[in-house]
Amino acid sequence: MLRPFTLHRPETADEACALLARLGEDSAAYAGGTELLLMMKLGLLRPRHLVDVKRIRGFGEIGLESHLGPRGPSPATAGGANSEGTRLTIGAAVTHRAVERSALVGARCPLVGSVARHVANVRVRNVGTVGGNLAFADPHSDLATLFLTLAASVELVSPRGRRELPLADFVRGPWETARASDELLAAVRLTPWAGDTAAAYVKFGVHERPTLAVAAALRLDGPVGAGRRGGDRIVDARVAVGCVGPKPERAAAAEACLRGASVADLEDAARAASDIAAAGVDPADDLYGSADYKREMVAVFVRRALGIAAARARGVAPATRFPHAVVA
Amino acid sequence: MSARPLRVVGHPVPRVDAIEKVTGRARYVTDLTVPGMAHAKVLRSPYAHARVTRVDVTRARARPGVFAALAGADLTWCDPYYGPAYRDRPVLAIEVARYEGEPVAAVAAVDEATAEEALELVDVDYEPLAAAMTLEEALAPGAPLVHAGQPPAGHFADLATLRPRPGTNVCHQFQFARGDAAAALAGADVVVEDVYRFPPVQHVALEPHAVVAAWDETGALTLWASTQNPYSVRVELAKMFDVPLARIRVVVPHLGGGFGSKTYAKLEPLAATLARAAGRPVRLAASIPEAFQTVRRCASRVAARAGFRRDGTLVAVECEADYDVGAYADIGPRVVQKGTYTATGPYRVPHVKLDARAVYTNTTPGGAFRGFGVPQLAWALESLFDTAADRLGRDPVDLRRQNFLAHGEEFAPGDTPIDGKLEESLGRAAEAIGWMQAPAAGRGRGVAAMLKASVAPSVSEAIVRLHADGSVTVLASAVEMGQGTRTVLAQIAAEVLSVPLARVTVVQPDTAVTPYDQTTSSSRSTAMTGRAVQVAAEDVRDQLLAIAARHLGVAARELALAEGAVVAPARRLTYAEALALNFGMTGGELIGRGVIAPGRTAAPLGGSTPFWEMAVGAAEVSVDEETGAIRVERYVSVADVGRAINPLLLEGQDEGGVVQGLGHTLLEEMLYADGHLLNGTLLTYRVPRADDAPEDLECRFVENADGSGPFGAKGAGEGSLIPVSPAVANALARLTGVRLRDLPLSPERVWRALRARSPRA
Amino acid sequence: MTIHTVVNGRPHDLDVAPHALLLDVLRDTLDLKGAKRSCDTQVCGACTVLVDGLAVSACTYLAVEADGRSVLTVEGLAEGESLHPLQRAFVEAGAVQCGFCTAGMLLTAKAMLSEHDRPTRADVLHYLRGSLCRCTGYRKIVDAVLAAAETRS
């Protein structure tokens, strides 16, 4: 049951920030409400003012570099090769569903679209937003883990101006971010992988929310995928692990030991990388499982994610049928 | 009677309430509005065990819009205790709160929001007490006592012989012995033994408990309640308020699932109490988290031993079964007694020694849940059977077949003879799963069997009315909770009276209108209520035949019913015509009465089950050895049902039973830590989803028309669930060599067991 | 706040509080009781309705969000007395037991069919991940959805 509140519907970010600044702790930014309204119903949050950010220009858009103007290529032309450095911007109020169906996302960050297809369930995807997901910093979020491998940063606006913060710094811990109370999460920026990259995202767990999630991206020294064989050596690797610790983390040491390895013969390197990744996580005993089990599952699924990414790089259909696991 | 082919019974007709359900028109308790209705909310204890030193509802009562605010101490104008086994459960905590979530105060207000806000104005002081959260804690010497003293007996007839152990947390001990188990075990060639655990799980009926209670100007009480037992609820309320049974009316609309969670009084006493205090109707609708604080399955620890001769003959079974019945007994003692009584399953066992205890703990009360104590024991015995097969070098299917009770053999001296052919079920299940062929690589197969008694003695009564236009009303109090009883009862009446199904209306249970029926549980409705409807319809039939014989001048034995008419060799009289002739006008009706009341017997539990529910399950599983996650690739259930009155609905019951069984087998467990339930919401308590159901799921029936129910039917619906856990665990054992004894077979538990078997290099 | 919304084809101007949930407005104001409150946490799907064709959890969706949009509840699925193919398939396949999940299942399936001309079993399972049924074991529900898709194509 929801307690009464006043609903504000600003049309500009400045207006919204002014409201948040004025109302302070008594207010909350509201977009899809799938997390916020849930917490309010459970009595965990009791804001008396909700500031609806969905009408703010640009907040509902997906574009290249800046979402504030429709400067990105039209979806029809979006299929071209990535131009290095052009970032994909997803407005805070874009729903998971819109991400799943966006041609631009599909062209620039295809794995993001695939992962969006598996967030929670179809009703949550239809309403829940990327911004809300990141701003709540639920440790069992899918997006944050994946976004870490895309050098994500978030754009925060406040009466004091705008600032951009790496996602890794924005998410501080469970339900804790670097957002000041008068700041608004406006967008997330993703740096698409170079064209010679193959990737995978795997989540595992029997509960409503995943026990663990792994995102892995391998950049090769040549083209990837069926019919474009040529790349074999890994020149760059990104591995992120989420849900098991207080916040999702990149596994830098694991990434390092993948560089230079061959995707055709990845087993040893993948095993080493997955063991390193597992050693680096900080799980706790909770209803999702014991710490040692979760650590071991990190090793298993980092290895599997790397195997899937490597298979994709080679244009081979990977084995993706694991019980209680979703592969994107 | 002539052996004419059945027209309606035995056919897979769509359920009679299907249209109202797919159009959203079916009404459940929470869909009802009664004029002037207030809305209730409940304040619940945050402690597993605490002395409630003060509850002050003054501020809540003073809040505008509040009609009543009650604490336990306010209930001086009624008997505030209820419970079917022991009347040990107060409507609101009195002096002590015995589990987290126990109602401590309640408010009725103009709307739910006002009621919820008023709860925050209730001041409560608690003094936390040491809690006994598990069987081990509750049975330890010096354990905190959940209840002091001996609570008064409840109303359940079978439990006249309750045996509590004063000064301990044991609220009932049930012992049963036959032969000399100790000597037989000592002389057995192979003895297998182990300890098996079954977790506390919740029913998760999608509709949580709900009640609307209204006292009228004459002092009569009406409740619209989501209950499987309107007549049991009536008894509780009559005692509480000292009102004659005839002054209490319990009406039951559609139930959004029951599975045992809505047997016996749950929220009805509180709603009725609030309505009395508020002086107006009160609606009390629980949430899913509150359902977790209302009832659950009794968790168990079963130590079982079985002795075999070298030739595979089972000679003895010994079981010590402890069931965790939570903070209040509910029907737990009977779950324990009845579940334990059939611990030996469908097998011939000359020497038996059973010793079971119902143990109070400071957790949500345990009660009835599909299977009623049998899944806990079948988990033990059916797992042990495979262990024995391994030790004896025998095929598990073969070893079971060798030891099955035969058709017609007494389960126990003085009890109902076996009325089915389990070897037929087992044979069909084995064939369907391909038992004789080796499974594909990475797959393992397992089987399990079950036997369960229905509640006995029990009573069902029915009235069938034939109206002037030839349409039919069935009055019976079996509750429609999704299982399809309304359809089955309509089919039975339509069959006997030779009218189309659409001409039969089954009235919703209403204790002011529909006659006594003991309970909608124990898989009994088709066999018992259905039989009562059959008898009542036959009563109408006989009256029709007599009327026609009189008016046609033909002997009744030369008449038959066909297509809404009494048919004589040369003439035909429609029912409308027959009634018009009988009454000399259009008007008047025929009333038939059916009473099924087998009464008490010399059987060990005081009554003999009207039928045995028997089934076999066969599972084929794979396991992800790195994660421990099991996938049930194929599952076959074969139930011996006597006759499937409606094969479509029965198949649905059994499919649902299998998947519900997969829930407690693979996923479900109420987890407690530091006195708190950790996962009492659907965000954290995981029930099976569509993608958890085996893609290859077959539910079949053995039909030999050998049941005591209508047209040879027996009860069904629990049988498919019970073999699931042992069938899956047996399959896992055959695949991996790992034998698990604790449920659920969660990925982590399986992973640990696999790792213990072969430490990672 | 006043909202203009079309529910099952019928326009309504409703005065709703900002904190009013769509589920309560449908059930209590418009007396459309087909959508049910169950888990109240967007997990079970019993409260599913379609807003502009998209499935949402009405239990966690502000009624004001329906302003300017059209809402479809189970009561609007049939055309007069003529059942929607999904409803017919559910009846015939035995996909209904207690009925508490049925409205949500039907509407979720309808949303799925609007996106998939020829849905596979996997498509159906993907869509039904957030729709719980405790009675049927799902098999007949999935079969009914596939049968309805078949009828339509």
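**The interfaces of chain B and their charged pairs**

Modeller: Start with the side towards chain A. Eleven residue pairs are in polar contact across the interface of chain B and chain A, both partners being at pLDDT 80 or more. On chain B, three elements each give at least two residues to the side that touches chain A: helix H3 (112-119), strand S29 (629-640) and helix H18 (747-757). H18(B) supplies the largest share of that side, five residues. By class, the side of chain B that touches chain A splits into 15 charged, ten nonpolar and three polar residues. Bear in mind that this is a predicted model.

Now the extent. Here 28 residues of chain B meet 26 residues of chain A. Together the two chains bury about 2500 Å², and carbon and sulfur atoms carry 49% of that area. Nine salt bridges link chain B to chain A. One of the pairs is Asp624(B) with Arg304(A). Their closest N and O atoms are 2.6 Å apart.

Another charged pair deserves a stop. Glu208(A) forms a salt bridge with Arg689(B), with 4.0 Å between the closest N and O atoms. Glu208(A) sits in the loop between strand S11 (197-204) and strand S12 (212-220) of chain A, and Arg689(B) in the loop between strand S31 (676-677) and S32 of chain B, so this pair joins two chains. How accessible is each partner? Glu208(A) has 11% relative accessibility. It therefore counts as buried, the cut-off being under 20%. Arg689(B), at 7%, is buried too.

His140(A) lies in the loop between helix H7 (130-136) and helix H8 (143-148) of chain A. His140(A) has a relative accessible area of 11%, so it is buried. Its side chain reaches the backbone oxygen of Pro210(A) at 2.6 Å. Beyond its neighbours within four places in sequence, His140(A) touches Arg209(A), Pro210(A), Cys243(A) and Tyr288(A).

Next, the side towards chain C. This contact involves 48 residues from chain B and 41 residues from chain C. About 3700 Å² is buried between the two chains, 59% of it on carbon and sulfur atoms. Within chain B, the residues that lose the most area to chain C are Val22(B), Leu206(B) and Ala690(B). Together they make up 19% of what that side buries.

What polar links cross from chain B to chain C? Six salt bridges do. Among them is Lys140(C) with Glu655(B), where the closest N and O atoms are 3.3 Å apart. There are also 21 residue pairs in polar contact between chain B and chain C, both at pLDDT 80 or more. The chain B elements giving two or more residues to this side are helix H1 (18-22), helix H16 (647-667) and strand S32 (696-702). H16(B) contributes eight residues, the largest share. The side of chain B that touches chain C has 23 nonpolar, 13 polar and twelve charged residues.

Glu116(B) pairs with Lys41(B), the closest N and O atoms being 3.9 Å apart. Lys41(B) is buried, at 16% relative accessibility.

Lys452(B) forms a salt bridge with Glu718(B), with the closest N and O atoms 3.1 Å apart. Elsewhere, salt bridges with shared partners form one network. It joins Arg321(A), Arg443(B), Arg445(B), Glu620(B), Arg631(B), Glu633(B), Arg634(B) and Asp696(B).

Key
Residues are numbered from 1 along each chain as its sequence is written. Chains are lettered from A and ligands numbered from 1 in the order in which they are written. This is a predicted model: local features need pLDDT of at least 70, side-chain atom pairs count only at pLDDT 80 or more; totals for chains, interfaces and linings use all residues. Side-chain values use heavy atoms; hydrogens and water are left out. Contact means heavy atoms within 4.5 Å. Buried area is the accessible area (1.4 Å probe) that two parts lose on being put together, summed over both. A salt bridge is a side-chain nitrogen of Lys or Arg within 4 Å of a carboxyl oxygen of Asp or Glu. A polar contact is a pair of N or O atoms within 3.5 Å; within protein, one must be able to donate a hydrogen and the other to accept it, and residues adjacent in sequence count only if both atoms are side-chain atoms. Helices (H or I, at least four residues) and strands (E, at least two) are DSSP runs, numbered from the N terminus. Ala, Val, Leu, Ile, Met, Phe, Trp, Tyr, Cys and Pro count as nonpolar, Asp, Glu, Lys and Arg as charged, and the others, Gly among them, as polar. Buried means under 20% relative accessible area, exposed over 50%, partly exposed in between (1.4 Å probe, protein chains only).
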